[in-house]
Amino acid sequence: MRLWRDASFRPLLMQGAVVLIIVMLAIWVISNTMHNLEHRGISTGFDFLSQEAGFGIIQSLVEYDESHSYGRTFVVGILNTLLVSGLGIFFATILGFLVGIARLSSNWLLARLASVFIETFRNIPLLLQILFWYFSVLAALPHPRQSYALWDSIFLNLRGLFLPKPIIEQGLLPVMVSVLVAIGLTLLFRLKNRMRRLDTGKPIPGASLWMTALLLGIPAVVWGLSGATLTLDTPALKGFNFRGGIAIIPELGALLLALTIYTAAFIAEVVRSGIESVQKGQKEAAASLGLKPGKVLSLVVIPQAMRVIIPPLTNQYLNLAKNSSLATAIGYPDLVSVFAGTTLNQTGQAVEVIAMTMAVYLTISLTVSLLMNTYNKRMALIER
């Protein structure tokens with residue numbers, strides 16, 4: 001009774017009891033599942049991952065054909081999911097910030113157009129938007145022989161968007177290393193410039209020119225010294241479709257358009273609320289110093305608004321990554337389509353396949369949360 005009345009011991013006892021109940025429940029669920037699978041003659045384990053898949057995938061970022069294993073389809077699905085999620089986050093962020101800033105514009109027409117964009121696209125279900133772009137817009141494009149052409153090297157038709165593919169025939173390694181070195185030096189110079197501005201209030205003279213020279217000059221010099229040659233693999237019509245170059249399939253285009261526009265509508269509202277959270281006096285004080293509206297926005301308003309924007313922005317990134325699973329509706333070969341769909345149907349390993357798929361999405365979400373929380377801590381105010 002004395003231990004039960006102990007204010008420090010009682011919470012530990014209750015938490016231990018809850019953990020014990022959860023563990024026992026998990027053991028019961030696993031045991032019951034294994035018993036039912038065994039009773040129905042369904043084998044368990046991950047040996048199926050080494051079996052030949054026997055089906056093709058219309059888009060793969062790594063080498064793949066019907067002779068590869070189910071494990072390879074798992075990798076292909078992950079890469080395709082990461083591709084559309086990464087591109088979606090990038091484009092949705094840019095479009096969302098532009099629309100959010102436009103909604104607060106003093107230009108009446110621009111502000112109204114931004115409001116219409118937000119209220120329209122965030123109130124239409126994402127699945128309907130995906131189907132609209134795929135069946136109503138991209139499906140209406142002409143056949144390959146009547147493609148829309150630009151400079152006789154870029155072609156758009158109902159089979160997709162075909163772009164020239166750059167090929168570095170020699171000297172590739174030194175050029176790639178020089179690009180990485182240039183990016184690293186540019187980031188270091190930017191950090192040094194920021195520290196000097198915080199200490200003295202003045203940036204390094206010509207900082208933008210120096211960073212541009214580092215970013216472009218180093219690769220250019222290495223390119224010239226290494227003798228690297230660049231050729232373009234231009235797509236050409238052969239038979240009923242284009243061959244060569246880079247092909248962006250319509251499934252990817254429709255999914256990316258829908259995810260970008262839908263998520264950008266929510267990001268725009270997040271940006272608007274963040275900007276409006278900054279006190280009006282901050283803007284007036286910056287304007288009184290002679291700063292132009294663009295400088296006031298980029299140097300005073302946005303840095304302070306980011307402390308309000310980042311947490312809900314993280315939620316939108318997580319939603320976009322998870323919403324990419326709707327790709328199966330139009331046949332885009334993401335993880336859900338090729339692994340939790342085709343692979344599961346062919347192997348019957350439902351528990352293993354679904355568990356692996358859930359683990360991938362959980363890992364993606366936790367990684368995005370970790371990166372955004374790290375950035376949020378960096379942007380937070382430090383009390384002195």
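Q: A salt bridge is a side-chain nitrogen of Lys or Arg within 4 Å of a carboxyl oxygen of Asp or Glu; why is the contact of R122 with E119 called a salt bridge?
A: The closest N and O atoms of R122 and E119 are 3.5 Å apart, and because the definition asks for a distance within 4 Å, the pair qualifies. This is a predicted model, in which local features need pLDDT of at least 70 and side-chain atom pairs count only at pLDDT 80 or more, while totals for chains, interfaces and linings use all residues. Residues are numbered from 1 along each chain as its sequence is written, and side-chain values use heavy atoms, with hydrogens and water left out.

Q: What makes E119 and R122 partly exposed?
A: A residue is buried under 20% relative accessible area, exposed over 50%, and partly exposed in between, with a 1.4 Å probe and protein chains only. E119 has 34% and R122 has 26%, so both values fall in the range between the two limits.

Q: How do you know that R103 and E119 form a salt bridge, and which helices hold them?
A: Their closest N and O atoms are 3.9 Å apart, which again lies within 4 Å. R103 belongs to helix α3 (residues 70–103) and E119 to helix α4 (residues 108–121), 16 residues apart, and the pair therefore links distant parts of the chain. Helices here are DSSP runs (H or I, at least four residues), numbered from the N terminus.

Q: Why are E276 and R272 about one helical turn apart?
A: The two residues are 4 residues apart in helix α8 (residues 250–276), which means a separation of about one helical turn.

Q: Which residues are linked in a network of salt bridges?
A: The network joins R103, E119, R122, E269, R272 and E276, and a search of the whole structure finds 5 salt bridges.

Q: What makes F74, I78, T81 and L82 in α3 contact residues of α12?
A: Contact means heavy atoms within 4.5 Å, and these residues meet M356, V360, Y361 and I364 in α12. The residues of this contact divide into 7 nonpolar, 1 polar and no charged; Ala, Val, Leu, Ile, Met, Phe, Trp, Tyr, Cys and Pro count as nonpolar, Asp, Glu, Lys and Arg as charged, and the others, Gly among them, as polar.
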